[in-house]
Amino acid sequence: MRFTDKNVIVTGASKGIGRAIVKGLIAEGANLALIARTKSALEELVAEAKSKGCRAVAIPTDVADRDQVKRAVDLARKELKVIHGLVNSAGVLDNEGIANHSEEVWHRTFAVNVHSYFYTTRAVIGEMFERRQGRILNIISTSGKVAIGPNRAAYVASKHALMGFTREIAVEAAPHNVNVNAICPGFVLTEMVEDSMRKFAKDFGKSVEETRKIFIDKMPTKRFIAPEEVVPLALFLLSDDVGAVMGQTISVDGAFAPL
Ligand SMILES: NC(=O)c1ccc[n+]([C@@H]2O[C@H](COP(=O)([O-])OP(=O)(O)OC[C@H]3O[C@@H](n4cnc5c(N)ncnc54)[C@H](OP(=O)(O)O)[C@@H]3O)[C@@H](O)[C@H]2O)c1
């Protein structure tokens with residue numbers, strides 16, 4: 001069990017990729033503070049963790065709200081004491097054409113996808129520096145490396161911002177022996193992608209089936225990635241084995257964007 005006595009905060013823990021990483025961490029004995037808005041989904045995971053002998057706490061939080069994030073990290077510390085790892089997986093994706101792009105969607109996308117990663121990182125990293133131990137893992141996207149449009153300006157810009165954030169923080173953290181890395185998934189079949197396909201179909205007058213094919217055809221493997229396929233790399237980047245792997249933004253994308 002690689003994560004026995006290791007305490008990890010996960011945002012976006014209720015669904016999709018974050019949830020799969022939580023399940024992987026439970027299987028390896030981690031103690032967890034789980035953050036998202038959907039309390040029932042977090043509580044289900046807490047029950048699963050406890051049934052496997054892990055300590056776990058559900059902390060319903062809107063990560064776009066700085067004060068709620070501060071409160072969430074304070075609560076996580078109260079429950080778990082030391083925070084050894086942080087996974088940022090909370091994210092939103094809206095489709096909007098740039099000519100009529102709403103400011104609300106733009107700001108909301110940056111608040112959840114970018115600002116929340118800053119709020120959580122700032123809240124945990126100082127103490128990691130002091131202990132000279134810590135792992136931060138940001139779930140970014142192929143959209144952090146290339147444009148995947150159309151109608152994705154806010155999402156792609158937010159994910160490009162996270163690439164710079166991850167690399168810069170990694171350089172700052174390295175002298176303190178703290179590892180900051182990222183995973184950039186391709187299309188992973190989660191609620192986010194199902195929802196995005198429905199919106200895309202509506203925007204471009206296509207059926208959801210036609211849209212599914214358009215999405216799949218972007219990937220050389222011609223299939224969606226399962227959330228569980230992100231987990232082994234995530235666990236490695238959070239583990240003691242990670243060593244000098246720092247500031248990396250590694251794709252799990254079936255060669256969608258082999259950069
Ligand atoms: N699926 C893909 O193809 C794909 C590809 C590349 C990157 N990604 C990235 O991977 C991450 C996870 O995406 P996913 O595919 O797993 O999507 P998902 O299934 O829709 O899950 C998104 C997660 O973010 C949480 N979240 C959203 N807004 C929040 C808010 N304001 N406050 C707190 N939590 C919030 C959701 O929880 P609640 O709704 O319970 O709050 C949920 O746990 C995202 O950063 C996404 O951009 C996904």
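**Ground rules**

I number residues from 1 along each chain as its sequence is written. Since I am working with a predicted model, local features need pLDDT of at least 70 and side-chain atom pairs count only at pLDDT 80 or more, while totals for chains, interfaces and linings use all residues. My helices (H or I, at least four residues) and strands (E, at least two) are DSSP runs, numbered from the N terminus. I call a residue buried if 20 or more other C-beta atoms lie within 10 Å of its own, exposed if 12 or fewer, and partly exposed in between, with C-beta atoms placed from the backbone.

**Entry 1**

β1 pairs with β2 (residues 31–36) in the parallel sense over five bridges, and the bridge partner of Thr11 in β2 is Ile35. The chain goes from β1 through α1 to β2 in a right-handed β-α-β crossover; right-handed here says that, with the strands pointing away from the viewer, the path from the first strand over the helix to the second runs clockwise. β1 also pairs with β4 in the parallel sense, over four bridges, and there I found Val10 opposite Val87.

**Entry 1: from β4 to β5**

Asn88 stands opposite Asn138 in β5. Together β4, helix α4 (residues 103–131) and β5 make a right-handed β-α-β unit. In β5 itself, six of its six residues are buried, with Gly134, Ile136 and Asn138 pointing one way and Arg135, Leu137 and Ile139 the other.

**Entry 2: β6 between its neighbours**

Which strands does β6 join by bridges? On one count, six bridges link it to β5, in parallel, and on another, four bridges link it to β7 (residues 249–252), also in parallel. I recorded Arg135 with its bridge partner Asn179, Asn138 opposite Ala182, and Pro185 opposite Val252 in β7. In β6 (residues 178–185), eight of its eight residues are buried: Val178, Val180, Ala182 and Cys184 point one way, and Asn179, Asn181, Ile183 and Pro185 the other. The chain reaches β6 from β5 through helix α5 (residues 153–173), and this crossover is right-handed.

**Entry 3: around the ligand**

Of the 29 residues around the ligand, Gly12, Gly16, Arg37, Thr38 and Gly91 come nearest. Both α1 (16–27) and α6 (191–203) supply at least two residues of this shell.

How does the shell divide between nonpolar, polar and charged residues? I find 15 nonpolar, 10 polar and four charged, where Ala, Val, Leu, Ile, Met, Phe, Trp, Tyr, Cys and Pro count as nonpolar, Asp, Glu, Lys and Arg as charged, and the others, Gly among them, as polar.

**Entry 4: helix α6**

Most residues other than glycine have a negative phi, and most peptide bonds are trans. Against that background I noted Lys81, in the loop between α3 (66–80) and β4, with phi near 70 degrees. Lys81 is exposed, with 9 other C-beta atoms within 10 Å.

In the loop between β5 and α5 I found Asn151, whose phi is positive at about 65 degrees. Asn151 counts as partly exposed, with 18 C-beta neighbours inside 10 Å. Pro150 lies in the loop between β5 and α5, and the peptide bond from Gly149 to Pro150 is cis, with omega near 5 degrees.

Note on methods: Pairing = 2+ DSSP bridges. Near = placed C-beta within 6 Å.
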